[in-house]
Amino acid sequence: MFIMKPTDVFGSLVFNDAVMQERLPKAVYKSLHETIANGKDIDPTVADVVASAMREWAVENGATHYTHWFQPMTGITAEKHDSFLSPDGNGGAILEFSGKELIKGEPDASSFPSGGLRATFEARGYTAWDPTSYAFIKENSLCIPTAFYSYSGEALDKKTPLLRSMEAVSEQAVKVLHLLGYNDVQRVSGTVGPEQEYFLIDREMAKQR
């Protein structure tokens with residue numbers, strides 16, 4: 001009897017860097033990597049190629065739908081599902097997923113907390129693909145990690161403030177590094193955060209360390 005090891009399935013339904021290298025043309029992979037590593041704007045033609053490769057990979061792994069997966073201020077995640085199938089006009093259907101659909105979605109923002117930032121009738125909200133987080137498959141749906149914001153740009157989720165704070169830290173850190181002579185540094189990525197536990201000790205004991 002064949003027994004599958006945990007290492008065989010861990011990350012197997014994630015559109016990670018290894019999958020990208022395998023399925024994307026070298027030029028497209030390089031451009032996407034520039035976006036992920038340095039915050040470069042993604043080219044629409046690159047997005048189309050990535051979307052096509054992502055759809056093919058997802059369908060091969062049993063996915064029938066895709067969703068922009070985001071974290072509104074409700075304490076849980078949210079999803080807006082759409083099918084890969086589109087009518088072909090002749091009574092049949094074709095599989096489609098464009099770069100535009102990958103990059104941007106438009107869920108109903110009135111369904112989520114906004115902190116009073118907008119009137120109820122101004123219910124337009126948008127999701128934007130975050131390429132720094134890998135897409136993954138869950139329950140036959142391709143889940144695309146996204147940021148969620150209002151029509152006027154206010155953050156409506158927990159990811160957008162995080163991404164903006166990371167960008168602000170990078171900008172200031174690069175300025176400091178340039179002052180120290182490290183002029184080749186263009187971006188700084190945070191990989192750790194503050195520890196969740198803090199300990200108070202006697203001042204005299206601290207001096208003995």
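Student: Which element gives the most to the lining of the largest pocket?
Tutor: This is a predicted model, in which local features need pLDDT of at least 70 and side-chain atom pairs count only at pLDDT 80 or more, while totals for chains, interfaces and linings use all residues. Residues are numbered from 1 along each chain as its sequence is written, and side-chain values use heavy atoms, with hydrogens and water left out. A pocket is defined on a 1 Å grid over the protein atoms alone as an open set of points with protein on both sides within 12 Å along at least five of seven lines, a cavity being a set where a 1.4 Å probe fits but cannot get out, and lining residues have an atom within 4 Å of a point. With helices (H or I, at least four residues) and strands (E, at least two) taken as DSSP runs numbered from the N terminus, the leading contributor to the lining of the largest pocket, with six residues, is α6.

Student: How much space lies in the largest pocket, and which residues are the closest to its centre?
Tutor: A volume here is the space filled by probe spheres set on the grid points, which are joined across faces, edges and corners, and for the largest pocket the space is about 790 Å³. The lining is made of 25 residues, and those closest to the centre are Gly39, Asp130, Pro131, Thr132 and Leu163.

Student: Is Lys159 buried or exposed?
Tutor: Lys159 is found in helix α6, which runs over residues 159-179. Beyond its neighbours within four places in sequence, Lys159 is in contact (heavy atoms within 4.5 Å) with Gln71, Asp130, Ser133, Thr146 and Ala147. Buried means under 20% relative accessible area, exposed over 50% and partly exposed in between, with a 1.4 Å probe and protein chains only; at 12% relative accessibility, Lys159 counts as buried.

Student: Why are the buried residues of α3 on the same side of the helix?
Tutor: The buried residues in α3 are Val28, Tyr29, Ser31, Leu32 and Thr35. The arc is that of the directions from the helix axis to the C-beta atoms, and these residues are on the same side of α3 because they cover an arc of only 165 degrees.

Student: Which residues are exposed on the other side of α3?
Tutor: The buried residues of α3 pack against α2, α4 and β7 (125-129). On the other side of the helix, the exposed residues are Lys26, Ala27 and Lys30.

Student: How far does α3 reach from its first C-alpha to its last?
Tutor: The expected span of a helix is 1.5 Å times one less than its number of residues. Helix α3 (residues 26-38) has 13 residues, for which 18 Å is expected, and its reach is close to that, at 18 Å.

Student: Which residue just after α3 takes a positive phi?
Tutor: The phi in question is about 75 degrees. The residue that takes it, just after α3, is Gly39.

Student: Which residue forms a salt bridge with Lys138?
Tutor: Lys138 is partly exposed, with a relative accessible area of 34%, and the closest N and O atoms of the pair are 2.9 Å apart. The partner of Lys138 in this salt bridge is Glu79.

Student: How much space lies in the largest cavity?
Tutor: The count comes to one cavity of 30 Å³ or more. Residues that line the largest cavity include Phe15, Met20, Leu32, Trp129 and Tyr134. The space in the largest cavity is about 40 Å³.

How values were computed: Salt bridge = Lys/Arg side-chain N within 4 Å of Asp/Glu carboxyl O.
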